[in-house]
Amino acid sequence: MRNPLPLNRRRFLAGGAALAGAAGFALGSGRAPAYGQPLAAPAVPGVFPDVELSLVAAERPSVLPAFAGNELPLWTFSPDTWLPIVRMPYGARLNTTIRNDLPRAEEHASIHWHGIRLPNDQDGVPYLVQEPVFPGDSFRYSFVPPDTGTFFFHTHCNTAEHIGRGLIGILIVEGDTTEPYDADEVVLVRDWRVDLAAGVFLPFTTNRGAGRAGTYGPLRTANGAVNPEMVLPAVADCRLRIINVDPTRPIDFGIEGAEAAIIAIDGLAVVPFSLDRWIMAPAMRIDIVVRTPRDGGVARLVDFRPDDPLAIATIRGAGEARRTGPFDPAPLRAPVVPEPDLGAAATRTITFAASEDGDLLPAEDAAFGFLGPLCLSFNDFWTIDATGWPAGDHATAPPPLAELVRGQSYRWLLRNTTQHLHPIHIHGHTFAVLRSDKRTLLPHHADTVLLIEDETVEVAFVADNPGRWMLHCHVAEHQETGMMAYFTVT
Ligand SMILES: [Cu+2]
């Protein structure tokens with residue numbers, strides 16, 4: 001197997017050194033940043049009227065461009081678009097009403113706002129922080145997002161099927177720019193589990209996939225189309241918000257035919273550094289700035305992970321050149337995230353492993369179907385610290401993985417003992433990704449961190465948000481077959 005993460009070491013060190021200066025990480029590398037401009041001062045939230053958002057989760061048969069004329073029974077949040085993109089100003093309150101009109105009895109649908117450091121009762125995890133929202137019921141969320149950036153939202157039960165059917169939305173909190181870019185576009189990368197010849201969805205989950213790398217979709221898309229052409233201003237600095245919301249598949253993201261820089265990871269600004277390759281597992285986002293080709297020229301967004309690299313989308317420059325001079329993309333404004341006190345932090349290793357059942361590796365391709373009342377299948381293939389979610393019966397929540405003290409710093413060594421990739425997501429907190437025992441990592445802030453095979457990654461954060469918070473793999477089938485836990489902050 002090829003190296004899953006062919007990092008450009010020089011560039012990563014450069015980016016890391018730049019962030020060290022900006023955000024206070026200790027790196028020990030004095031190399032210069034890839035570009036000239038450091039992060040700007042943090043954004044100041046403005047005073048804006050509330051943003052009202054009405055979502056209705058329902059089945060809506062749809063023909064996306066990728067579906068070759070087939071109409072498929074998508075589940076979506078809006079009658080107006082299969083992919084709601086909510087843009088709101090920094091400082092505004094977001095009021096959301098979700099009504100559940102899903103067509104299946106007992107199929108509940110609360111909303112998790114991925115990456116938003118919000119009050120615990122807004123986090124959308126059924127049973128843990130709120131009652132499930134059953135068909136016919138509604139629920140109202142109201143919070144002020146504390147960070148600018150690129151986020152998304154989804155339900156938090158039966159996730160492989162819900163996301164598999166399309167139930168996803170994008171939340172963009174604006175106000176992080178220091179000067180205007182020439183465009184600002186979302187590139188949502190995901191597969192679809194469809195058999196286009198038959199015009200039907202394939203099973204969203206399989207035992208075989210759940211016990212291994214996950215069940216991949218054969219139809220690969222960006223913004224609902226196969227390798228769409230995005231027409232952008234020519235020779236311009238265009239912001240692209242790259243979001244991997246696939247339930248399963250990691251991509252090794254890069255660009256061919258244009259210069260580009262990463263300006264944010266998981267929505268949070270980093271000092272701009274050259275985009276070479278960036279591995280993005282499910283739920284991970286990067287914001288990039290691309291210097292687009294001249295009028296008529298093309299560049300390609302590429303997944304380098306397959307043996308034959310795959311074009312995700314094509315960029316075509318159009319019109320008069322907007323920029324002159326060398327590429328030196330404007331930085332975003334620095335995030336405001338509490339910095340952990342590493343000297344005082346309590347340190348703990350948390351181990352992500354295959355269970356004894358997982359070691360047996362089921363061979364059948366069958367769907368695992370029904371999820372119990374705590375939103376899991378009755379298969380337990382994966383564990384966190386030797387415990388699969390849930391411990392014991394499926395009717396009550398297990399004890400917390402950890403009980404944290406509010407305001408205390410924590411340093412967690414996230415250890416993957418398996419031969420599969422696990423993007424680990426922590427709710428309610430943004431953490432610092434400090435180092436890996438296998439790769440040269442750019443220190444950065446994140447809400448989801450990838451663990452590659454046999455890798456340990458060190459993260460640290462301040463437990464400043466009281467409540468009960470999930471910690472889980474964002475490969476939906478792994479989450480749903482054991483690789484999930486929660487911790488408390490009191
Ligand atoms: Cu996983």
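Tutor: Let us look at one proline and then at the nonpolar core. Residues are numbered from 1 along each chain, as its sequence is written. This is a predicted model, where local features need pLDDT of at least 70, side-chain atom pairs count only at pLDDT 80 or more, and totals for chains, interfaces and linings use all residues.

The protein has five helices and 32 strands; these are DSSP runs numbered from the N terminus, with helices being H or I of at least four residues and strands E of at least two. Find the loop between strand 18 (278–280) and strand 19 (285–291), where P282 lies. P282 counts as buried because 28 other C-beta atoms lie within 10 Å; buried requires 20 or more other C-beta atoms within 10 Å of a residue's own, placed from the backbone. Leaving aside neighbours within four places in sequence, P282 is in contact with residues including N244, P247, P423 and H474. Contact means that two C-beta atoms, placed from the backbone, lie within 7 Å. The C-alpha atoms of P282 and T448 are 8.9 Å apart, although 166 residues separate them along the chain.

Now for the core. A nonpolar core is a set of buried Ala, Val, Leu, Ile, Met, Phe, Trp, Tyr and Cys residues joined through C-beta atoms within 7 Å. The largest one holds 119 residues, and I288 and V459 touch the most other members. Strand 16 (residues 259–265) gives this core its largest share, six residues. Beyond its neighbours within four places in sequence, V459 is in contact with W412, L414, F431, A432, V433, L434 and V449.

Methods:
Buried ≥ 20, exposed ≤ 12 C-beta atoms within 10 Å, placed from the backbone.
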